[in-house]
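Take a look at the chain below. We will start with the whole fold, then step down to single residues.

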Amino acid sequence: MKKILGKFKNNFYIDTLLIVFLSHVFYKITFIDSLQGDFSLLAQIRNGEVTSKSFFVESPTYTFIGLLLGLEDFDTYRMVIYIATVACLIMIVFNLQFLEKYSTLFLFSGWLVTSSWFVGYVDVISVLIITIISKNIFQSNFSFLKISFYLFLLSINHNAISFVVCIVFLILVKYETKKKILPAIFISQILGNLSIQYYLKFIGFEGRGRLRFVFNDNVIQNSINFLSENLIIVLWSGFLGTSFLILLVANTLSWSQTRSIFISVLIALFFTSIALDTSRIFSLLVTPIIIFTLHKYKNLVNFQNKLGVIYSSSILLHFVIGVYYFYGSILTESPMSNSENFYNFISRVVNSLMSNIWS
């Protein structure tokens with residue numbers, strides 16, 4: 001009971017309620033349109049004949065879960081992914097509590113839009129692992145084995161996001177920490193990518209991977225055009241309500257810390273420029289930057305009891321400006337509308353399970 005009551009001293013409960021409200025009500029959670037094709041991969045692997053060509057096969061976390069649980073029904077597969085998503089959101093909130101009074105602000109950044117609109121991609125798992133790694137690295141509370149393990153998991157989950165996030169971490173941390181985490185990054189990236197290649201070879205995947213897709217005709221040119229023409233929207237989509245604090249960085253933190261943050265944002269933009277799903281990728285890449293900034297504010301900046309003003313300004317900006325997202329075009333709501341929506345899915349599942357009682 002003491003532990004439960006102790007949670008009221010931090011933001012755990014309010015953050016949990018808020019993350020459920022934002023994802024399910026304000027952003028209106030949606031499954032990806034290609035989820036049926038991802039589910040079919042399970043049968044393809046079981047039958048020893050993989051015909052899927054999508055490079056998302058390179059992110060095998062949900063495939064591993066489906067195979068491990070022996071899922072053969074699409075509705076069950078969707079429900080498992082939804083439960084995994086909610087579990088990840090709650091674990092993100094739990095691991096955010098090291099930010100103390102700043103933890104709630106993190107929920108108003110762009111990663112939650114991505115995790116809500118693209119249920120079925122492994123994005124929310126990436127954010128969870130990044131949050132855990134950030135918690136350990138920024139508090140200088142980590143062991144080599146622990147960090148190597150989490151970085152390995154991130155590489156398995158999404159090798160491209162993992163690669164860029166590792167660069168961002170190296171830019172943000174101090175020199176002494178760089179020396180400690182660089183071997184872990186090097187080893188985990190090699191082992192993670194070798195494991196993915198072994199997995200793809202084992203299942204007989206013959207499609208194009210992410211790297212080959214990037215070098216298709218006009219992909220890079222189109223991506224750079226998208227980004228250059230919509231730069232402000234892309235920046236907003238990544239930071240959303242935390243944009244206010246990011247703008248205060250130069251006036252509140254030292255130049256060395258400010259420089260690290262700005263360089264990290266530029267690195268994130270550079271790698272975003274070679275991804276067609278622009279805002280989605282950018283919102284994931286800036287996740288460690290936002291956590292780093294909030295952690296620095298917690299430790300170094302005294303707003304002289306005016307934190308309420310910071311929260312009011314950030315939340316007001318978030319809701320008044322709203323969500324602007326770049327995903328091939330400028331969006332204010334989820335692009336995933338070609339399949340049964342989440343709410344109808346839940347209603348249908350409940351009605352099916354309770355059919356005997358309803359009647």
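The radius of gyration used here is taken over C-alpha atoms, and the rule for a globule is 2.2 Å times the number of residues to the power 0.38. This is a predicted model. With 359 residues, a compact globule would have a radius of gyration near 21 Å. The chain has 21 Å, so the two agree. The C-alpha trace spans about 60 × 50 × 45 Å along its principal axes.

What is the chain built from? Its secondary structure comes to 21 helices and two strands. Now look at the contacts between residues at least 6 apart in sequence. Of these, 82% join residues at least 24 apart.

Next comes the surface. Of the 359 residues, 53% count as buried. The chain exposes about 17200 Å². Carbon and sulfur atoms supply 64% of that area.

Now zoom in on V119. Where does V119 sit? It lies in the loop between α7 (111–117) and α8 (123–138). Is V119 buried or exposed? Buried means under 20% relative accessible area. V119 has 2% relative accessibility, so it counts as buried. Which residues does V119 touch, leaving aside those up to four places away in sequence? They are I29, T30, F31, I32, I81 and T85. V119 and A84 are 35 residues apart in sequence, and their C-alpha atoms are 9.8 Å apart in space.

Move on to S126. This residue lies in helix α8. Its relative accessible area is 0%, which means that S126 is buried. Leaving out residues up to four places away in sequence, S126 touches L154, N157 and H158.

Finally, turn to the cysteines. How many disulfides are there? The count comes to zero. A disulfide needs a pair of cysteine sulfur atoms within 2.5 Å. For C88, the nearest cysteine sulfur is that of C166, 19 Å away, and C88 is in no disulfide. Seen from the other end, C166 is in no disulfide, and its nearest cysteine sulfur, that of C88, is 19 Å away. Are these residues buried or exposed? C88 has 7% relative accessibility, so it counts as buried. C166 is buried as well, because its relative accessible area is 2%.

Terms used. Residues are numbered from 1 along each chain as its sequence is written. This is a predicted model: local features need pLDDT of at least 70, side-chain atom pairs count only at pLDDT 80 or more; totals for chains, interfaces and linings use all residues. Side-chain values use heavy atoms; hydrogens and water are left out. Helices (H or I, at least four residues) and strands (E, at least two) are DSSP runs, numbered from the N terminus. Buried means under 20% relative accessible area, exposed over 50%, partly exposed in between (1.4 Å probe, protein chains only). Contact means heavy atoms within 4.5 Å. Accessible areas come from the Shrake-Rupley method with a 1.4 Å probe; for residues, only the protein chains shown count as cover.
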